[in-house]
Amino acid sequence: MPSFTPEAVRSLRAADTDLRLAALERFAAAPTPSPHEELWRYSRIAELSLDRYSPGSLTTTVNGAEAVLGTDVLDDELELDLFGDLNRAFMSAVVLRVPRGKVLDAPVVVTHTLATDGVACFPRLVIDAGEDSEITVIERFVSDDSVTGLIAPVLRVRAAQAARVTYLSVNELGSRVWQIANQQSEGMRDSTTLLSTVALGGDYARVRTHARLTGQGGSTRQVALYFADGTQTHDFRTTQEHIAPKTSSDLLFKGAVNDSSRSVYTGLIKIGPEARGTVAFQTNRNLTLSDGAWAESVPNLEIETNDVKCSHASTVGPIDEEQRFYLESRGIQPDIAERLVVLGFFDEVLAQLPVGGLAAELRERISAKLHTAVVPDKVTA
Amino acid sequence: MTTLKISGLHASVAGKTILNGIDLEVSSGQVHAVMGPNGAGKSTLSAVVMGKPGYTVSSGSVTLDGVDMLALPTWQRAQAGLHLVMQYPTEVPGVAVVDVLAEAFAARGRSTDDIRAQLSVEAARINFDETFLARSLNVDLSGGEKKRNETLQLAMLQPKIAILDELDSGLDIDALRDCSRRVEAATNEDGLGVLVITHYSRLLKELKPDVVHILVKGRIVSSGGPELVDVLERDGYAAFEGDQVDPASSALDDLFGMPSSRN
């Protein structure tokens, strides 16, 4: 039974039904994605059967956004993949429009909870930050292990001149949920954006992020912490695109894989012909915590001008034997030594995230994935 | 009274034999120094006693009060009362010494309630800046700070027998004095037994060993009182590089034009 039909779109009775139908047409016309395409290399897209899901919705709560709720979903976006089109057709959007000069002191927290079994959901979050404004947004995706589902979220960030946008998505999904996310940001002159992710949940969870710098002096950072166990797969695909001169970007992705889980990081630094005086860094580090786990790291550079400073680094490997020995030589049991090293490994990332009060909870979830019986008790918290 | 007993210890790394039969006994309150040239096997000895991965023991034994240490994993050797102060303390990003000590206390069933107060006291005793207590272990620390950090852990964990692997490498005179005085206090006040491994005699001017052993090519070729250090100062290791000869007879051999190495 085909679920993703024009009738299903019309039944939403949205004001922008024409745009939604056009997006659905693009989706229908797109070839079936395959891991043979570069975009889906190392992914589990071949396992996805859309027929198993019908369009549905999440329970979404928004806190701290009263002053900035808007309606314009910014349709001038770059090409997304077909899940971006499907999202446009069936989306339910939260739009945050920060007026010029406004600074939000407290973070906006958007929480999506998946409670219905077998549905596909398409949340869209738009952060449109006006000139010299400032906003922090935390978007949480939550479900328990009993439900199956597909979540294909879209994030769209626009930071106007000198705006500061900090975004964190937290994947706390159950072990039977698929996530295929598309994130895009545009940074204008002298703007600052941080797009960050903590990925702990999901069966297959993918986040594709494209950060563009279109105004001189703009800077953007991408930071992620991911930890897969069981048979999970975490899949990240990032682009740092420098279009304007004197722009800077930085990326730090740190992940761990346990049991027979997998992770993939594919990152591109793309520096256009006009982007003179640009600085771009990219670092991806992975810990493999069991023999059956697998992590892949694929950094790429595409540079079309000479005047740039650029570097990338990536590592995949087990816990350092020397670190383990050092801690064990203090009388610490191997599983606790491992937990200390892994939490320490992630600390560098956690310190850069707007996690606030979430930090302790995240540390506990990370510890739980190490399958050690001991509850962490960090004295320096 | 605790005794660490090393008997006939043979060990290799990557198929290469490094220790060729070590016999040593260190008891509570004693300071034993093991001196030797580069490549003699000094660091291998400390690594094997503590159970560092990558070393193979082919024969011999290491016991602590009769308990076979070689049969235990590293963490249980530490809990039994052994402690290793490392020559090059490992950097562990994101892990603070206070967290390590809290876990090490918990693992021993010791209360962590006033661990911060104890740390402050111990840090002050060796002039260790307290701001380092919450920083990543050994990351961006100077040589002296690293060794103070090692000494701090030794003081906090109160082992029975400590092996100091080149405590004197990479630190300045002040740090050397602070660290060795703290170790000396542990020896005098708490009966800590110490096996100090070093290349140079300057540490031994601070730590004042009861017994000095000369390690050459994986074997202890001479043992004696502190006066052995003076022989070394005068003649260097060359005097000991024959096969298990005692330096006095070696000197006699030299006098009579005999070859200094036998066998």
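Before the helices, one definition: axes here are lines fitted to C-alpha atoms, for helices over the stretch in contact, and angles run from 0 to 180 degrees between N-to-C directions. Keep that in mind. This is a predicted model.

Start with chain A, helix 5 and helix 6. Helix 5 covers residues 334-350, and helix 6 covers residues 358-369. Their axes come within 10 Å and cross at roughly 140°. Angles over 145 degrees would count as roughly antiparallel, and 65 to 115 as roughly perpendicular. So helix 5 of chain A is oblique to helix 6 of chain A. The crossing is right-handed.

Who makes that contact? From helix 5 of chain A, we have A:Arg339, A:Val342, A:Leu343, A:Phe346 and A:Leu350. From helix 6 of chain A, we have A:Ala359, A:Leu362, A:Arg363, A:Ile366 and A:Ser367. Sorted by class, that contact has seven nonpolar, one polar and two charged residues.

Now helix 5 of chain A again, with another partner. Helix 4 of chain A, residues 321-328, packs with helix 5 of chain A at an angle of about 125°. Their axes are 9 Å apart. Helix 4 and helix 5 of chain A are therefore oblique to each other. This crossing is right-handed too. Helix 4 of chain A brings A:Gln323, A:Arg324, A:Leu327 and A:Glu328. Helix 5 of chain A answers with A:Pro334, A:Ala337, A:Leu340 and A:Val341. The class count here is five nonpolar, one polar and two charged residues.

What does helix 5 of chain A lie across? Strand 15 (219-228), strand 17 and strand 19 of chain A. Helix 5 runs at about 155° to strand 17 of chain A.

In chain A, nine strands form an open sheet, in the order 2-5-8-11-13-15-17-19-21. The pairing is mixed. Strand 2 (59-63) and strand 21 (308-317) of chain A are the edge strands, each pairing on one side only. From one strand to the next, the twist averages 5°. Take one pair inside it. Strand 17, residues 248-257, and strand 19, residues 278-288, of chain A pair in the parallel sense over eight bridges. One bridge to look at: A:Ser248 has A:Val279 in strand 19 of chain A as its partner.

On to chain B. Its open sheet has six strands, in the order 6-9-10-3-11-12, again with mixed pairing. Strand 6 (82-85) and strand 12 (219-224) of chain B stand at the edges with a single partner strand each, so one side of each has no neighbour in the sheet. Neighbouring strands are turned by 20° against each other on average, direction ignored. Strand 3 (residues 31-35) and strand 11 (residues 211-216) of chain B run parallel, joined by four bridges. There, B:Met35 has B:Ile214 as its bridge partner in strand 11 of chain B.

How do the chains meet? 25 residues of chain B are in contact with 25 residues of chain A. On the chain B side, helix 2 (74-80), strand 7 (92-96), helix 3 (97-107) and helix 5 (143-157) give two or more residues each. Helix 3 of chain B has the largest share, seven residues. By class, the chain B side has 16 nonpolar, five polar and four charged residues.

Last, confidence. Chain A averages a pLDDT of 93, and 96% of the residues score at least 70. Where does chain A stay under 50? Over residues 373-381 of chain A, for which the model has 17 contacts beyond four places in sequence.

Conventions:
Residues are numbered from 1 along each chain as its sequence is written. Chains are lettered from A and ligands numbered from 1 in the order in which they are written. This is a predicted model: local features need pLDDT of at least 70, side-chain atom pairs count only at pLDDT 80 or more; totals for chains, interfaces and linings use all residues. Angles under 35 degrees count as roughly parallel, over 145 as roughly antiparallel, 65 to 115 as roughly perpendicular and the rest as oblique. A crossing is left-handed if the near helix is turned anticlockwise from the far one by less than a right angle, and right-handed if clockwise. Two residues are in contact if their C-beta atoms, placed from the backbone, lie within 7 Å. Ala, Val, Leu, Ile, Met, Phe, Trp, Tyr, Cys and Pro count as nonpolar, Asp, Glu, Lys and Arg as charged, and the others, Gly among them, as polar. Two strands pair if DSSP finds at least two bridges between them. pLDDT is the predictor's confidence in each residue, from 0 to 100.
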